Amino acid sequence: MPAGGGLQRVADAAGVILDAPGSSRAQALSVGTSEGQRLGLWAAGMSPIELHPIVGTAVSRYKDHYLPHKTDALHAVAPTANPHNEYLYIWGALGLVGLLLYLAMPATAWHTVRRHPLHRRVLLYYLVAMFNAIAVNSLVIDMVAAHAHALVLLALVMPFAAPARGLKT
């Protein structure tokens, strides 16, 4: 069974319910709506994951595996190789291994500030905002945003990082 098999079954079941004849929801999910476009991009983003779930397609080859699965109508309104979901992009390009390493960054940040209540709260707010933002866009593909994200994460964590052993502070 492909890696995205379970996710694909859920998406297919949701599509059957949402696309019921006469459903106003079905009309709202057309390619002509932002919501419909995003769901179409996510569906196409599942294809690279199904092909290479563990190690991914490689960043340089992601577009080759992603674009053929976009419908012509969707490509006309959203001509991009960005699935607008960081989790799908990282998993598709770098595989499950890359996704786990990517998620290890905020986990490491959390571990670093866990004993500082005020900073832990600030980091928690930031992580909640970040995880929600990357569910609907891709900060890795949009490099300026990715650099800003990395700098904010470093700024929140660096004051609490232990100095390396053997270095004088």
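Trainee: Is methionine 130 buried or exposed?
Mentor: The model is a predicted one, and the label rests on relative accessible area, with buried meaning under 20%. Methionine 130 has 4% relative accessibility and therefore counts as buried. This residue is found in helix α7.

Trainee: Which elements make up the secondary structure of the chain?
Mentor: The chain has eight helices and zero strands. Read from the N terminus, the order of elements is α-α-α-α-α-α-α-α.

Trainee: How should I describe the chain as a whole, and what percentage of its residues is buried?
Mentor: Of the 169 residues in the chain, 30% are buried. The accessible surface comes to about 10200 Å², and carbon and sulfur atoms account for 68% of that surface. For contacts, consider pairs of residues at least 6 apart in sequence: 64% of these contacts join residues at least 24 apart.

Trainee: How does one describe the packing of two helices, and at what angle do α6 and α7 pack?
Mentor: Two packed helices are described by the angle between their axes and by the distance between those axes. Here, helix α6 (residues 86-113) packs with α7 at an angle of about 170 degrees, and the axes are 10 Å apart. Angles over 145 degrees count as roughly antiparallel, so α6 is roughly antiparallel to α7.

Trainee: Which residues make that contact?
Mentor: On the α6 side, the contact is made by Glu86, Tyr87, Tyr102, Leu103, Pro106, Ala109, Trp110 and Val113. On the α7 side, the contributors are His119, Arg120, Leu123, Leu124, Leu127, Met130, Phe131, Ile134 and Ala135. By class, the residues of this contact divide into 14 nonpolar, one polar and two charged.

Trainee: Where does alanine 133 lie, and how accessible is this residue?
Mentor: Alanine 133 lies in helix α7, which covers residues 117-136. Its relative accessible area is 33%, so alanine 133 is partly exposed. The C-alpha atoms of alanine 133 and glutamate 86 are separated by 8.7 Å, although the two residues are 47 residues apart along the chain.

Trainee: What is the case for asparagine 137?
Mentor: Asparagine 137 belongs to the loop between α7 and α8 (143-157). Its relative accessibility is 28%, and asparagine 137 therefore counts as partly exposed. Asparagine 85 is 52 residues away along the chain, yet the C-alpha atoms of asparagine 137 and asparagine 85 are separated by 4.7 Å.

Trainee: How does one check the length of a helix, and what is the reach of α3?
Mentor: One compares the distance from first to last C-alpha with the span expected at 1.5 Å a residue. Helix α3 (residues 34-51) has 18 residues and reaches 27 Å, close to the expected 26 Å.

Trainee: Which residues of α3 are buried?
Mentor: The buried residues in α3 are Gly36, Gln37, Leu41, Ala44, Gly45, Met46, Ser47, Pro48 and Ile49. Serine 47 has a relative accessible area of 13%. Leaving out residues up to four places away in sequence, serine 47 touches His65 and His69.

Trainee: Which residues does tyrosine 62 contact beyond its neighbours within four places in sequence?
Mentor: The contacts of tyrosine 62 are with Gly45, Pro48, Thr57, Ala81, Pro83, Leu88, Tyr89, Gly92 and Ala93. Tyrosine 62 is placed in helix α4 and is buried, with a relative accessible area of 2%.

Trainee: Finally, what should I note about phi at alanine 58 and histidine 84?
Mentor: Phi of alanine 58 is near 90 degrees, a positive value in a residue other than glycine. Alanine 58 sits in the loop between α3 and α4 (62-66) and is partly exposed, with a relative accessible area of 31%. Phi of histidine 84 is near 55 degrees, again positive in a residue other than glycine. The place of histidine 84 is the loop between α5 (72-77) and α6.

Note on methods:
Residues are numbered from 1 along each chain as its sequence is written. This is a predicted model: local features need pLDDT of at least 70, side-chain atom pairs count only at pLDDT 80 or more; totals for chains, interfaces and linings use all residues. Side-chain values use heavy atoms; hydrogens and water are left out. Helices (H or I, at least four residues) and strands (E, at least two) are DSSP runs, numbered from the N terminus. The expected span of a helix is 1.5 Å times one less than its number of residues. Buried means under 20% relative accessible area, exposed over 50%, partly exposed in between (1.4 Å probe, protein chains only). Contact means heavy atoms within 4.5 Å. Accessible areas come from the Shrake-Rupley method with a 1.4 Å probe; for residues, only the protein chains shown count as cover. Axes are lines fitted to C-alpha atoms, for helices over the stretch in contact, and angles run from 0 to 180 degrees between N-to-C directions. Angles under 35 degrees count as roughly parallel, over 145 as roughly antiparallel, 65 to 115 as roughly perpendicular and the rest as oblique. Ala, Val, Leu, Ile, Met, Phe, Trp, Tyr, Cys and Pro count as nonpolar, Asp, Glu, Lys and Arg as charged, and the others, Gly among them, as polar.
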